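Morning, everyone. I have one model to go through today, and I will keep it short. Please look at the sequence and the structure as I put them up.

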Amino acid sequence: MSINEIYTVILALITSASASLVGSFALMKRMTLAGDAISHVALPGIGLALLFGMNPTLGATAALLVGILLIWNLEKRTGLATETMIGVVFSASLAIGALITPQEELEQALFGGFAPISFPAFLIYALLSVLVILSVMALRHRLVLGLFSSDLALASGVKLKRLNLYFLLLFGLVIVLGLRLLGALLVGSLIIIPAAIGRQLAHTFSGFISMSIAAGLLSVILGLAVARYYGLDVGPTIVTVAAGLFILSLLKKRI
Amino acid sequence: MSKILTVRDLNVNLDGQSILKNLSFDLDAGEGLAIIGPNGSGKTVLLKTLLGIIPHQGEINWASDARLGYVPQKIEADRHLPLNVRNLLEAKADVLNLPDKEIKTAVEMVGLAPQILRTPIGHLSGGQFQKALIAFALLGKPNVLLFDEPTASLDQLAEEHIYDLVRDLQEKQGLTIILVSHELSVVYSHADKVLCLNREGLCFGAPREALTPEVLNRLYASPKHHHHEH
C-alpha cells in the first residue's frame, strides 16, 4: 500500500466512526431521510466551485451551510409541508448540481473514490472527524433530553433551538468529510446504515452507539478490502457491504 | 409565610389566539395550588408559561430561591428510543451538574426500586413511568413542583399512589405544589388554594370558599367545555 492509500484508509475509518455516531442521534431524532437529502445539496456546491476553478470541498461546505440553515428554519414547523419542501429543494439541487458539474468530475462528485490526499489535508480531515466525535459526546446528554421531550429539555434549561443548530452543523461537517470517499449521493448511507444496524443489534443506549460505530468501521474495512480485491469502486462497494450487513442484522431476533 | 409566586395580568397569545387573559394570583411557599378547568381552558399553557417555556405578557415573579421541577401530562416521547431510566436521569443530572448520587436519591424519593434505572422506558408501566417522571423532576432539589394531570393515564390504584406521593412531597419535604387537575375530589383533598381557569381566571382562593356552585357552573357549563386542547 502506498502512503496515500494508508492515509485514505485511516481517514475512512475515523470519518466512518464520526458519521456513525452522528447517525445514531439522527436516527433517534427521526431525521435520517432529511439528513440524507441534505447531503445532496453538496453537489451544486461542488459543481459551482469546479466551474469557477475553486476548491470543490469549499463549494460543498458553503452549499451545505445554506442547506442546513434552511432545514434549521424549517425544523420548527413540522408536518407534511416541511417534508415536501425538503424533498423538492434537495432533489432539485441534486439535479441542478448534475447539470453544472463538469462531466469528467461528475462520477467522483456523486459516488466518491480513492482520490489522492496531501498530508496537511489528511491531518485537517482527521482532526475535524475527531472534533465531530468529541462534540457529539459532549452534547449527548442534552441531545437525549431533547429526544425524550422538548418540554422537559427546555424546562431543564437546554437551549433546544441552538442545540439543533449545533447538531445539524455537525451533521453537515460529517457530510463534507465523507464526500471524498463516498460522494454526494452515497455519503448519507455512511451516516444512516450503520445506525440502522446498531438499532437492530442493541437495545441499550450505549450498546446502540457502540454497535453503530462498529458496524460503520466493519463496512469500511470490508468494503475497502472487497473493492481492492475485485477492483471495484470504493464508494458503492462500501455502501453495498453496509447494506448487506444491515440485512444480516435483520436476521437477529428481537429480544 | 413568604410568597413564592406572584402572577399579575398574565396574557398569553399563541398563533394570534388569546389563550390566557388577565390572570392574577399568588402562592405562598409550601402551599398546594390546584388549577382546574375544562379542556382547552389553558391549564397546560399556564404551567408551561410559569416554567418559562412559552412567551407571555404581564408579570410572573418567582421568589429568588424558587427552583422548579416539572412533571408533564404526557410525553410525546417515542417509547422505542433505546433509553432506560438511568440514561434519562443521567442526562438531566449532567446538564445541571449534579453528582451521580442524586439520581439514586430521586428514585428512592418516589418509591421506585433501584433496578428501575436499568429498565428501558418502553417497558415501564404507566405508574412507573409517571414516578420516573417525578424522579426526573426531583433532580436538582426543586422547592416547587408543577404537575400536569399527573394521573391522566393511570388506573385508580396507581392514581392513589401518585397522589399519596404528591401529598408526601408537600407535607414532608415542604415543597410547593402546583397541580393541574380536572378532578374536584383532588382539589378538596390536596389543595390549599384553587384557581379556576377558562382562558381567564374565574375563581381563586381556598377551595371551600372559592368553589361555589355558581363558579363551577360558569366554569364547566361554558361552551368552551367542548373545545379540545389538542
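Take the contacts in chain A between residues at least 6 apart in sequence: 73% of them join residues at least 24 apart. Before I go on, note that this is a predicted model.

Now the overall dimensions. Along the principal axes, the C-alpha atoms of chain A fill a box of roughly 50 × 40 × 30 Å. As for burial, 50% of the 255 residues of chain A count as buried.

One helix to look at is α2 of chain A, residues 32-40. Is α2(A) mostly covered or mostly open? Mostly covered: seven of its nine residues are buried. Those are Ala34(A), Gly35(A), Asp36(A), Ala37(A), Ile38(A), Ser39(A) and His40(A). You will notice that Asp36(A) and His40(A) are among the buried residues of this helix.

Next, a single residue. Ala109(A) sits in helix α6 of chain A, which covers residues 103-111. Why does Ala109(A) count as buried? Because it has 25 C-beta neighbours inside 10 Å, and the cut-off for buried is 20 or more. If we leave aside neighbours within four places in sequence, Ala109(A) is in contact with Leu43(A), Ile46(A), Thr101(A), Gly183(A) and Ala184(A). To put a distance on one pair, Ala109(A) and Gly97(A) are twelve residues apart in sequence, and their C-alpha atoms are 9.6 Å apart in space.

Last, the two chains together. On the chain B side, 22 residues are in contact with 20 residues of chain A. Two helices of chain B, α1 (43-51) and α2 (85-95), each supply at least two residues of the side that touches chain A. Which element gives the largest share of that side? That is α2(B), with seven residues. By residue type, the side of chain B that touches chain A divides into 15 nonpolar, two polar and five charged residues.

That is what I have. Questions, please.

Note on methods:
Residues are numbered from 1 along each chain as its sequence is written. Chains are lettered from A and ligands numbered from 1 in the order in which they are written. This is a predicted model: local features need pLDDT of at least 70, side-chain atom pairs count only at pLDDT 80 or more; totals for chains, interfaces and linings use all residues. A residue is buried if 20 or more other C-beta atoms lie within 10 Å of its own, exposed if 12 or fewer, and partly exposed in between; C-beta atoms are placed from the backbone. Helices (H or I, at least four residues) and strands (E, at least two) are DSSP runs, numbered from the N terminus. Two residues are in contact if their C-beta atoms, placed from the backbone, lie within 7 Å. Ala, Val, Leu, Ile, Met, Phe, Trp, Tyr, Cys and Pro count as nonpolar, Asp, Glu, Lys and Arg as charged, and the others, Gly among them, as polar.
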